[in-house]
Amino acid sequence: MDSLKERFAAKAGPAAAEVKALIKEKGDVKLGEYTVAQVYQGMKSMIGMVTETSKLDANDGIRFRGYSIPELREKLPKAAGGTEPLPEGIFYLMLMGELPTEEDVHQISNDWARRAIVPKHVFDVLDKLPLSTHPMTQFIVAITSMQTESLFAAAYSKGVNKKEYWSYAYEDSMNLIARLPRVAAYIYRRKYKNGVHIEPDPKLDWAANLAHMLGYDDPNIMSLMRLYMTIHVDHEGGNVSAHATHLVGSALSDPYLAFASGMTGLAGPLHGLANQEVLSWILKLRQELGGGLPTEAQIEEYIKKTLADGKVVPGYGHAVLRKTDPRFSAQQDFYNHYIRPTGKDDLCEIVQMMYKVAPPILESTGKIKNPWPNVDAHSGVLLTHYGMVEHDFYTVLFGVSRALGVLASLVWDRALGHPIERPGSMTTEGIKIKIAAIEAK
Ligand code: CMX
């Protein structure tokens, strides 16, 4: 066993015993009552699962094991000469519940580089898909085809003791995370760069190596990739990609299958695909105006038209957040620190103008609960700035990062022995009868 795995085992055993005792002793304690609206409208703010890796606050934003994004940008170990955190560090934090040392992060980088060999048949499967296939579909196909490698599935079919599930989930998760950058880069280079692929550089950290294999070796885009891979990792358990991974994993589908289902959810335009939608939406605005920087009045008119056409303004709103997403602010800070001093970028400037113009318009509809930008409002324009203009690829990058959070959670799910997830449902007739009974009292 490697040392991270041994240290995880030493933590997970007592934690599982504690949870078991909690359920036994306090299992009947009521945590809340839920409304008809919550039952019909996506179970918003119902507490219905346990996620150890991160917690989202409507006003404060995301905290990973208690640490905010600004705190982590300061506290997590960085690459030599780099200013942004290494995603290996946030993975360690989510899995172990404590900040990593430089040595911990270095060890994970080496471990992932060692595990990063993608089986050839995965590339063969990708090569059979039409080039026009959306990158997210290719990503999901690749992950599913890699399921042949699942140690969890192999161990289960041999009849492993349930106490050992976490150990195989850990191995699959580490292998999957290690291999995803290669898979993502293969999809990118095949689709947009005539299939000219770039070998990994095992000396680079995980995120920098991803940038390198995609074809971007500028130190600033490597910094952006480290930041991007850090801020997209996790958003507590109820978002579609995390919840789908957790749900499917609860049937003891192995980590490859569980993560693939999470990615099918991330591919939805109300979730991760919003990053590509934002860029398409901004480019369309520019095209309609014949290029250049729009005025605030023109942006206002464009937003109002989007709403009047019955469409969403991508990159704005959130199911939980009620303030500007700190992940948006981190990217805005990156723009101000790395790009703006050397010259304004038109698309990034439009995002800043949108931030001023959009919230009052969205608020004035009276129905949009959060008029503030989310993570997807900013990410695409930064990538475009560095030359990655293929916006239908952006959600794949989100997915590579999201693997770190949802797979760390999946290892904990198996370590804590969470059972199959099976919430109850009601019919509308049943709800009407219940309401009538309550009102008759
Ligand atoms: N533009 C237009 N209308 C919006 C809106 C937006 N940005 N955000 C919410 N609304 C609308 C909803 O569609 C809903 O309309 P109806 O009552 O007509 O159905 C109404 O406002 C109330 O919605 P809400 O309670 O404020 O928001 P939800 O929790 O239902 O949805 C979200 C949250 C993110 C799906 C929604 O804000 C949205 O569609 N935003 C645009 C897409 C986007 O940026 N998604 C990325 C989210 C972050 C991520 O997961 O990556």
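Predicted model: local features only at pLDDT ≥ 70, side-chain atom pairs only at ≥ 80, totals over all residues.
Is Lys-163 buried or exposed? I started there and found Lys-163 exposed, since its relative accessible area is 66% and the cut-off for exposed is over 50%.

**Positive patch**

Lys-20, Lys-24, Lys-162 and Lys-163 form a positive surface patch. For the location, I traced Lys-163 to the loop that links helix H8 (151-158) to helix H9 (165-192).

**Nonpolar patch**

Next I checked for a nonpolar surface patch. I got one of about 440 Å², built from Val-29, Leu-31, Tyr-34 and Ile-47. Leu-31 sits in the loop between helix H1 (3-26) and H2. Its relative accessibility is 72%, so I put Leu-31 down as exposed.

**Positive phi values**

Met-43 is not a glycine, yet its phi is positive, near 55 degrees. I located Met-43 in the loop between helix H2 (36-40) and strand S1 (54-57).

I found Glu-236 in the loop running from helix H11 (219-231) to helix H12 (240-250). Glu-236 has a relative accessible area of 17%, so I wrote it down as buried; the cut-off for buried is under 20%.

**Asp-325**

Last stop. Where is Asp-325? I placed Asp-325 in the loop between helix H15 (296-308) and helix H16 (326-339). Its relative accessibility came out at 0%, so Asp-325 goes in my list as buried.

Which residues does Asp-325 touch, leaving out those up to four places away in sequence? I got Pro-373, Asn-374 and Val-375.

I also took a distance from Asp-325 to Ser-150. The two are 175 residues apart in sequence, and their C-alpha atoms are 36 Å apart in space.

**Recap**

For quick reference, I keep these loop residues together:

- Lys-163 is exposed, at 66%.
- Leu-31 is exposed, at 72%.
- Glu-236 is buried, at 17%.
- Asp-325 is buried, at 0%.

How values were computed:
Residues numbered from 1 in each chain as written. Heavy atoms only, no water. Patch = residues over 30% accessible without salt bridge, like charges linked within 9 Å, V, L, I, M, F, W, Y side chains within 5 Å. Areas by Shrake-Rupley, 256 points an atom, 1.4 Å probe, with all protein chains shown as cover. Salt bridge = Lys/Arg side-chain N within 4 Å of Asp/Glu carboxyl O. Lys, Arg positive; Asp, Glu negative; His and termini not counted. Charge placed at Lys NZ, Arg CZ, Asp CG, Glu CD. Helix = DSSP H or I, 4+ residues; strand = E, 2+ residues; numbered from the N terminus. Buried < 20%, exposed > 50% of the residue type's maximum accessible area, 1.4 Å probe, protein only. Contact = heavy atoms within 4.5 Å.
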